[in-house]
Amino acid sequence: MVNIVDNIEEMPSKMAAERLFLDALMRDEYAIGAPIRESVLAKKLNIARTGVREMLNQALNWGVVEYTPYSGFSIRNFTLQDTLEWYQLREALEPVAARLFAEKPRPEVWEEMAESCRNLEQVLGKDVQRAWECDSHFHELILLHCGNTAMAALHPRIYVTGRFFFHLLLQHLPQFPTPDIQGTIYAHRRILDAAQSGDAHLAEYLMRNHLQAGLGSFRQQIMELKEKSIPPKKSKK
């Protein structure tokens with residue numbers, strides 16, 4: 001799995017604290033539904049309590065935590081319906097981002113996208129979590145560099161939240177389908193080729209088909225189970 005605290009020494013302290021907090025969530029250090037004590041978190045992350053409150057408000061905006069009056073913050077319990085809605089949001093947004101991205105040459109980003117494809121090939125059949133991270137990184141690059149600041153601003157909401165609840169789905173739902181990594185690699189390479197050739201409409205078409213295929217692979221399963229929440233995990237001693 002990609003460690004989201006990579007290059008943390010280069011980050012501003014508030015951003016570094018956010019990444020450390022998210023990394024702790026990925027390692028299951030906080031139980032779903034358990035209260036988050038601001039004083040404890042401030043000491044652990046070595047930042048002021050005001051910084052912790054800002055960080056938790058940001059996590060609230062991302063949809064990772066929830067706030068209850070008189071009780072405070074706690075880790076949100078994602079449902080399968082959340083997963084479905086997350087895919088639907090991406091389905092509406094990313095094809096347009098892919099078209100905008102392909103309208104201008106972006107050689108430095110192309111190389112990073114190609115590297116993401118190579119990384120995905122290396123984990124083929126070995127590590128589902130790592131494969132999802134590589135897949136996600138490819139899509140993040142398109143959204144961040146599409147040239148539309150409003151779309152790029154949605155990046156944290158989509159991908160930070162996505163990382164978190166995908167991790168939970170893998171942990172708690174053994175029936176969660178294994179993604180078609182080989183198909184994903186093929187789709188990514190075609191999208192990259194379209195962008196490099198400047199064919200914006202083809203890039204949009206390919207991205208839409210790619211996302212619809214990914215959603216279609218387990219849409220029915222989600223629809224059947226969408227009312228069920230992910231079972232809470234016990235706190236680690």
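In this predicted model, helices H2 and H3 are roughly perpendicular to each other, because their axes cross at roughly 105 degrees and angles of 65 to 115 degrees count as roughly perpendicular. Helix H2 covers residues 38-45 and helix H3 covers residues 49-62. On the H2 side, the contact involves Glu38, Ser39, Leu41, Ala42 and Leu45, which meet Arg49, Val52, Arg53, Met55 and Leu56 of H3. Sorted by class, the residues of this contact comprise six nonpolar, one polar and three charged.

A second pair consists of helix H6, formed by residues 128-144, and H10. The crossing of H6 and H10 is left-handed. Asp135, His139 and Ile142 of H6 make the contact with Met207, His210 and Leu211 of H10. Three of the residues in the contact of H6 with H10 are nonpolar, two are polar and one is charged.

The axis geometry of the two pairs is set out below.

| Helix pair | Axes come within | Crossing angle |
|---|---|---|
| H2 and H3 | 9 Å | roughly 105 degrees |
| H6 and H10 | 14 Å | roughly 145 degrees |

Histidine 210 lies in helix H10, which spans residues 200-216. Is histidine 210 buried or exposed? Histidine 210 is buried, because its relative accessible area is 13% and the limit for a buried residue is under 20%. Residues up to four places away in sequence aside, histidine 210 touches Asp135, His139, Thr184, Ala187, His188 and Ile191. Of these, Asp135 and His139 are among the H6 residues in the contact with H10.

The largest nonpolar core has 33 residues, and Phe101, Met113, Ile142, Leu143 and Met151 touch the most other members. At least two residues of this core come from each of helix H4 (80-102), helix H5 (107-122), H6, helix H8 (155-172), helix H9 (181-196) and H10. The most is given by H4, with nine residues.

Apart from neighbours within four places in sequence, leucine 143 is in contact with Leu93, Ala97, Met151, Ala152, His155, Ile158 and Tyr159.

A second, separate core has 21 residues, including Leu41, Leu45, Ile47 and Val65. Among them, Leu41 and Leu45 belong to H2 and take part in the contact with H3.

Conventions. Residues are numbered from 1 along each chain as its sequence is written. This is a predicted model: local features need pLDDT of at least 70, side-chain atom pairs count only at pLDDT 80 or more; totals for chains, interfaces and linings use all residues. Side-chain values use heavy atoms; hydrogens and water are left out. Helices (H or I, at least four residues) and strands (E, at least two) are DSSP runs, numbered from the N terminus. Buried means under 20% relative accessible area, exposed over 50%, partly exposed in between (1.4 Å probe, protein chains only). Contact means heavy atoms within 4.5 Å. Axes are lines fitted to C-alpha atoms, for helices over the stretch in contact, and angles run from 0 to 180 degrees between N-to-C directions. Angles under 35 degrees count as roughly parallel, over 145 as roughly antiparallel, 65 to 115 as roughly perpendicular and the rest as oblique. Ala, Val, Leu, Ile, Met, Phe, Trp, Tyr, Cys and Pro count as nonpolar, Asp, Glu, Lys and Arg as charged, and the others, Gly among them, as polar. A crossing is left-handed if the near helix is turned anticlockwise from the far one by less than a right angle, and right-handed if clockwise. A nonpolar core is a set of buried Ala, Val, Leu, Ile, Met, Phe, Trp, Tyr and Cys residues joined through side-chain atoms within 4.5 Å.
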